[in-house]
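Trainee: Please walk me through this structure. I would like to learn how to read its features.

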Amino acid sequence: MANSGKCLTTYAKMKYGAGKDNIYKVVNDTKKSTKRSYDNSGFIELTKFTDVSFYSFLDYIVSGTQLHYEIAVDFSEQRGAKSDNAERNRDETLLQMGIRGLGCVLRDYTPNRLFPAFGFGARLPPLAEESDEFNLNFTCDPVCRGLDGVVEAFKKANSIMAPMDTPRCAKIISALMRHSQESGKIGLHYHVAAIFTRGGPIEDWKESLAALCSAALHPISIIFVGVGMRNSQSNGNACTN
């Protein structure tokens, strides 16, 4: 059929689907010019038409999709890694800059300026129990008012809790995923979650990868942001494996 000839149609015509208006003569230009009796080499009939549209991220924003910015902070400290007060203060400053840096881009698409914030990798007072997921503001509602509210919640939490040796991320990833499921109709809300890590090896890497694969089915993008100068080679090796 490739050498039989060609036919001409338009998108506007094809979108009406199958029917007599979408049956086309296949014409070979060479035969038409050399044979006076030549009419066609056959027919092509449209039997089904499917219109598939691909939308860009900007298309969703222009159409009214609301973005949600969520934060999760790793409070763990790698076993054997000694850091002085100057290094801790620098890491805390970098983390606050990261929270504000991403937030300043996304907050204009979040009309209410309310940001859920979580913590993990810490021993919580008063019993120093290990926690892989808690609300950063220590209330029943993880939502903080504005980026200043997120930063203040982080400062308060950082001053009263002790770090775990290594972070476990699967539970916090699942929590962020559940939060995205609760936001209403698909297409009207999209979540961008930033997980700020301290660079230590993730203890439950396989479970975290499984949680990330599950999150891929939901309206959420999860960004890992490394803070500080600690060695994160173990996590990088896990990614390549």
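**Sheet, helix and cysteines**

Mentor: Start with an open sheet of three strands, ordered β6-β5-β9 and paired antiparallel. β6 (129-131) and β9 (162-163) are the edge strands, each with a single partner strand, so one side of each lacks a neighbour in the sheet. This is a predicted model: local features need pLDDT of at least 70, side-chain atom pairs count only at pLDDT 80 or more, and totals for chains, interfaces and linings use all residues. Residues are numbered from 1 along each chain as its sequence is written, and side-chain values use heavy atoms, without hydrogens and water.

Trainee: Which residues of helix α7 are buried?

Mentor: First the general idea: an α-helix has 3.6 residues a turn, so residues three or four places apart point the same way. In α7 (residues 205-215), Trp 205, Ser 208, Ala 211 and Ala 215 are buried. They cover an arc of only 120° around the axis (taken from the directions from the helix axis to the C-beta atoms), which puts them on the same side of α7. Buried means under 20% relative accessible area, exposed over 50%, partly exposed in between (1.4 Å probe, protein chains only). The face turned away from the buried side carries exposed Lys 206 and Cys 213.

Trainee: How many disulfides does the structure hold?

Mentor: A disulfide is a covalent bond between the sulfur atoms of two cysteines. The criterion is a pair of cysteine sulfur atoms within 2.5 Å. This structure holds zero. Cys 104 is partly exposed, because its relative accessibility is 36%. Cys 213, at 56%, counts as exposed.

Notes:
Two strands pair if DSSP finds at least two bridges between them. Helices (H or I, at least four residues) and strands (E, at least two) are DSSP runs, numbered from the N terminus.
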